[in-house]
Amino acid sequence: MAHWFLRNQILITVITAWALAQIIKAFLYLRIEGEFRAERLIGSGGMPSSHSSTVCSLAVSAAFIYGIHSFEFAISVVLAIIVMHDAMGVRLETGKQAKIINAMLMENPFSWKGEVFEQNLKELVGHTPLQVVCGAILGVVIGLVMHWIAIGLY
(Lines give C-alpha, C1' and ligand atoms only; values in the text may rest on other atoms or scores of the structure.)
Protein backbone atom coordinates (compact mmCIF):
# COMPACT_ATOMS: atom_id res chain seq x y z
CA MET A 1 0.00 0.00 0.00
CA ALA A 2 2.79 2.46 0.85
CA HIS A 3 4.47 1.60 -2.44
CA TRP A 4 2.11 3.76 -4.55
CA PHE A 5 2.57 6.63 -2.12
CA LEU A 6 6.36 6.51 -2.38
CA ARG A 7 6.14 6.53 -6.18
CA ASN A 8 3.80 9.55 -6.33
CA GLN A 9 6.27 12.39 -6.81
CA ILE A 10 3.60 15.08 -6.88
CA LEU A 11 1.96 13.96 -3.64
CA ILE A 12 5.29 13.67 -1.82
CA THR A 13 6.31 17.12 -3.10
CA VAL A 14 3.06 18.73 -1.99
CA ILE A 15 3.17 17.14 1.46
CA THR A 16 6.81 18.16 1.86
CA ALA A 17 6.04 21.77 0.88
CA TRP A 18 3.11 21.94 3.31
CA ALA A 19 5.07 20.35 6.17
CA LEU A 20 8.13 22.56 5.68
CA ALA A 21 5.97 25.71 5.60
CA GLN A 22 4.23 24.64 8.81
CA ILE A 23 7.54 23.90 10.56
CA ILE A 24 8.96 27.27 9.49
CA LYS A 25 5.74 28.93 10.66
CA ALA A 26 6.00 27.31 14.10
CA PHE A 27 9.65 28.29 14.55
CA LEU A 28 9.05 31.87 13.37
CA TYR A 29 6.21 32.14 15.88
CA LEU A 30 8.54 30.84 18.60
CA ARG A 31 11.22 33.34 17.62
CA ILE A 32 8.88 36.34 17.44
CA GLU A 33 6.45 35.58 20.29
CA GLY A 34 8.89 33.74 22.57
CA GLU A 35 6.60 30.74 23.04
CA PHE A 36 6.09 27.50 21.17
CA ARG A 37 2.52 26.75 20.10
CA ALA A 38 1.97 23.28 18.65
CA GLU A 39 -1.13 24.64 16.88
CA ARG A 40 1.22 26.54 14.56
CA LEU A 41 2.38 23.16 13.19
CA ILE A 42 -1.05 22.50 11.69
CA GLY A 43 -2.90 25.83 11.90
CA SER A 44 -3.68 28.24 9.12
CA GLY A 45 -2.49 31.82 8.82
CA GLY A 46 0.99 33.13 9.52
CA MET A 47 4.34 33.26 7.78
CA PRO A 48 4.89 31.61 5.34
CA SER A 49 1.58 30.61 3.78
CA SER A 50 1.46 26.82 3.67
CA HIS A 51 -1.52 27.12 1.32
CA SER A 52 0.65 29.00 -1.18
CA SER A 53 3.57 26.66 -0.66
CA THR A 54 1.38 23.63 -1.29
CA VAL A 55 -0.34 24.83 -4.46
CA CYS A 56 2.83 26.32 -5.97
CA SER A 57 4.76 23.09 -5.40
CA LEU A 58 1.84 21.29 -7.07
CA ALA A 59 2.05 23.58 -10.12
CA VAL A 60 5.83 23.18 -10.42
CA SER A 61 5.55 19.39 -10.13
CA ALA A 62 2.79 19.28 -12.74
CA ALA A 63 4.93 21.41 -15.07
CA PHE A 64 7.86 19.02 -14.80
CA ILE A 65 5.87 15.80 -15.02
CA TYR A 66 3.17 16.72 -17.55
CA GLY A 67 4.60 19.81 -19.27
CA ILE A 68 3.46 23.43 -19.28
CA HIS A 69 1.03 22.78 -22.13
CA SER A 70 -0.88 20.08 -20.22
CA PHE A 71 -4.29 20.36 -18.66
CA GLU A 72 -2.78 19.11 -15.36
CA PHE A 73 -0.50 22.14 -15.24
CA ALA A 74 -3.34 24.47 -16.24
CA ILE A 75 -5.59 23.11 -13.50
CA SER A 76 -2.86 23.41 -10.87
CA VAL A 77 -2.10 27.02 -11.86
CA VAL A 78 -5.78 27.99 -11.72
CA LEU A 79 -6.08 26.27 -8.32
CA ALA A 80 -2.99 28.11 -7.07
CA ILE A 81 -4.38 31.47 -8.16
CA ILE A 82 -7.73 30.82 -6.47
CA VAL A 83 -6.16 29.55 -3.23
CA MET A 84 -3.67 32.43 -2.94
CA HIS A 85 -6.30 35.04 -3.80
CA ASP A 86 -8.66 33.58 -1.22
CA ALA A 87 -5.93 33.52 1.44
CA MET A 88 -5.24 37.24 0.93
CA GLY A 89 -8.89 38.20 0.46
CA VAL A 90 -11.80 36.59 2.25
CA ARG A 91 -9.74 34.65 4.79
CA LEU A 92 -7.58 37.66 5.70
CA GLU A 93 -10.69 39.81 6.20
CA THR A 94 -12.27 37.07 8.32
CA GLY A 95 -9.25 37.18 10.61
CA LYS A 96 -9.45 40.97 10.91
CA GLN A 97 -13.14 40.75 11.77
CA ALA A 98 -12.46 38.04 14.36
CA LYS A 99 -9.87 40.29 16.02
CA ILE A 100 -12.39 43.14 16.29
CA ILE A 101 -15.16 40.87 17.60
CA ASN A 102 -12.79 39.33 20.17
CA ALA A 103 -11.81 42.83 21.35
CA MET A 104 -15.46 43.84 21.65
CA LEU A 105 -16.23 40.70 23.67
CA MET A 106 -13.32 41.38 26.02
CA GLU A 107 -14.45 44.96 26.49
CA ASN A 108 -18.03 44.09 27.43
CA PRO A 109 -18.67 40.33 27.52
CA PHE A 110 -22.19 40.69 28.96
CA SER A 111 -23.59 42.90 26.24
CA TRP A 112 -24.26 40.02 23.85
CA LYS A 113 -27.85 39.30 25.03
CA GLY A 114 -27.16 36.09 26.89
CA GLU A 115 -24.86 34.60 24.27
CA VAL A 116 -21.98 32.79 25.92
CA PHE A 117 -18.70 32.63 24.05
CA GLU A 118 -16.44 30.05 25.64
CA GLN A 119 -13.44 30.86 23.47
CA ASN A 120 -12.26 33.62 21.18
CA LEU A 121 -12.82 33.46 17.47
CA LYS A 122 -9.77 32.32 15.54
CA GLU A 123 -7.86 35.33 14.25
CA LEU A 124 -5.11 33.64 12.23
CA VAL A 125 -7.01 32.36 9.22
CA GLY A 126 -5.69 34.42 6.31
CA HIS A 127 -2.43 35.75 4.96
CA THR A 128 -0.87 39.06 4.09
CA PRO A 129 0.49 39.45 0.56
CA LEU A 130 4.05 39.03 1.92
CA GLN A 131 3.13 35.74 3.61
CA VAL A 132 1.56 34.49 0.38
CA VAL A 133 4.58 35.50 -1.71
CA CYS A 134 6.99 33.84 0.72
CA GLY A 135 4.88 30.68 0.72
CA ALA A 136 4.76 30.72 -3.08
CA ILE A 137 8.55 31.08 -3.33
CA LEU A 138 9.00 28.25 -0.83
CA GLY A 139 6.62 26.06 -2.86
CA VAL A 140 8.45 26.74 -6.12
CA VAL A 141 11.81 25.97 -4.49
CA ILE A 142 10.49 22.75 -2.94
CA GLY A 143 9.00 21.75 -6.31
CA LEU A 144 12.35 22.31 -8.02
CA VAL A 145 14.38 20.52 -5.35
CA MET A 146 12.02 17.54 -5.22
CA HIS A 147 12.17 17.26 -9.02
CA TRP A 148 15.98 17.27 -8.97
CA ILE A 149 15.93 14.63 -6.21
CA ALA A 150 13.48 12.50 -8.22
CA ILE A 151 15.68 12.74 -11.32
CA GLY A 152 18.58 11.40 -9.27
CA LEU A 153 16.50 8.51 -7.92
CA TYR A 154 15.19 7.19 -11.23
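The model is predicted, so local features need pLDDT of at least 70 and side-chain atom pairs count only at pLDDT 80 or more, while totals for chains, interfaces and linings use all residues. Residues are numbered from 1 along each chain as its sequence is written, and side-chain values use heavy atoms, with hydrogens and water left out.

The secondary structure comes to six helices and zero strands, where helices (H or I, at least four residues) and strands (E, at least two) are DSSP runs numbered from the N terminus. Along the sequence the pattern therefore reads α-α-α-α-α-α. Of the 154 residues in the chain, 34% are buried, that is, under 20% relative accessible area, with exposed meaning over 50% and partly exposed in between (1.4 Å probe, protein chains only). Among contacts (heavy atoms within 4.5 Å) with a separation of 6 or more, 70% join residues 24 or more positions apart.

The axes of helix α2 (residues 9-33) and helix α3 (residues 50-66) come within 8 Å and cross at roughly 155°; axes are lines fitted to C-alpha atoms, for helices over the stretch in contact, and angles run from 0 to 180 degrees between N-to-C directions. α2 and α3 are therefore roughly antiparallel to each other. Their crossing is right-handed, a term used if the near helix is turned clockwise from the far one by less than a right angle, with left-handed used if anticlockwise. On the α2 side, the residues that meet α3 include Ile10, Val14, Trp18 and Lys25, and those of α3 include Ser53, Leu58, Ile65 and Tyr66. The residues of this contact of α2 with α3 divide into nine nonpolar, eight polar and one charged. Here Ala, Val, Leu, Ile, Met, Phe, Trp, Tyr, Cys and Pro count as nonpolar, Asp, Glu, Lys and Arg as charged, and the others, Gly among them, as polar.

α3 also packs with helix α4 (residues 71-88): their axes come within 8 Å and cross at roughly 165°. These two helices are therefore roughly antiparallel as well, and their crossing is left-handed. Among the residues making the contact are His51, Val55, Cys56 and Ala59 of α3, with Glu72, Phe73, Val77 and Met84 of α4. The contact of α3 with α4 divides into 13 nonpolar residues, three polar and one charged.

Ser52, found in helix α3, counts as buried because its relative accessibility is 0%. Leaving aside neighbours within four places in sequence, Ser52 is in contact with Met84, Val132, Gly135 and Ala136. Val60, also in α3, counts as buried at 14% relative accessibility. Val60 and Gly143 are 83 residues apart in sequence and 5.4 Å apart in space, C-alpha to C-alpha.

The largest nonpolar core has seven residues: Val55, Cys56, Ala80, Met84, Ala87, Val132 and Ala136. Such a core is a set of buried Ala, Val, Leu, Ile, Met, Phe, Trp, Tyr and Cys residues joined through side-chain atoms within 4.5 Å. The elements giving two or more residues to this core are α3, α4 and α6 (129-153), and the largest share, three residues, comes from α4. Apart from this core lies another, of five residues, among them Ala21, Leu138, Ile142 and Met146.

How values were computed
Angles under 35 degrees count as roughly parallel, over 145 as roughly antiparallel, 65 to 115 as roughly perpendicular and the rest as oblique.
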